[in-house]
Amino acid sequence: MSVLLIQASPSAQSRSAALLNAVQQQLLQERVGHVEQLRIASLPAQALLLANAEDAQLRQALAAVQHAQVVVIATPVYKAAYSGLLKVFLDLLPQAGLKGKTVLPLATGGSPNHMLALDYALRPVLQSLSARHILPGVYGVEGQIVLTPEGAYTLEAQLQARLHDAVTNLLQEHARISRVVGQDGGFEAIAFAHVRCSV
């Protein structure tokens, strides 16, 4: 299992990054195959904005998306929409850039009123990129992700539990898909003797 964690906040230390780090920690505890984190803000800004396909870092980031089986995206919500940084990056993916992948969206915002941004802003874009399965997202508000005096973020227990359930669901869904889908992305062959039909 190959997992790519995409951090779409302009800030290196942010509440959405805290959600992503919590997911990464659980995945490592579950001993999944390969887990990689991509911070979009660390990519060259000019190459990103100009969609410079010749830039080596940009090519490497897009290749990481291509090779991942599972993608987890964490974004802050600004003005009822996901971050512009994420928009620019998703625009660089080919039309079927998420084909065959399971996607878990995560978001943070200042108010519960922006919770629907996951379903009404981000989910349609992920669907347009041909994601195989988009799992129910997890949204956290500022009061659930507290900045400690040491400068680190801690997650409120209820939010931590929802994240844990989301990752468990992600692992179960990936295992289910792996059982019914062949290595080439098509469905496994079924022997004719096992086919049943009714008229």
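Which residues have the most contacts inside the largest nonpolar core? In this predicted model, local features need pLDDT of at least 70 and side-chain atom pairs count only at pLDDT 80 or more, whereas totals for chains, interfaces and linings use all residues. Residues are numbered from 1 along each chain as its sequence is written, and side-chain values use heavy atoms, with hydrogens and water left out.

A nonpolar core is taken here as a set of buried Ala, Val, Leu, Ile, Met, Phe, Trp, Tyr and Cys residues joined through side-chain atoms within 4.5 Å, where buried means under 20% relative accessible area, exposed over 50% and partly exposed in between (1.4 Å probe, protein chains only). The largest such core has 34 residues, and those with the most contacts inside it are I6, I40, L43, L86, F89 and L98. Two or more residues each are given to this core by β1 (2-7), α2 (45-49), α3 (56-67), β3 (70-78), α4 (84-92), β5 (102-109), α5 (117-128) and β7 (138-141), the helices (H or I, at least four residues) and strands (E, at least two) being DSSP runs numbered from the N terminus. The largest share, five residues, comes from α5. A second, separate core of 25 residues includes L27, V32, V35 and L159.

Two residues other than glycine have a positive phi. A51, with a phi of about 50 degrees, lies in the loop between α2 and α3 and is partly exposed, its relative accessible area being 43%. A80, for which phi is near 65 degrees, is placed in the loop between β3 and β4 (81-82) and is partly exposed, with a relative accessible area of 41%.
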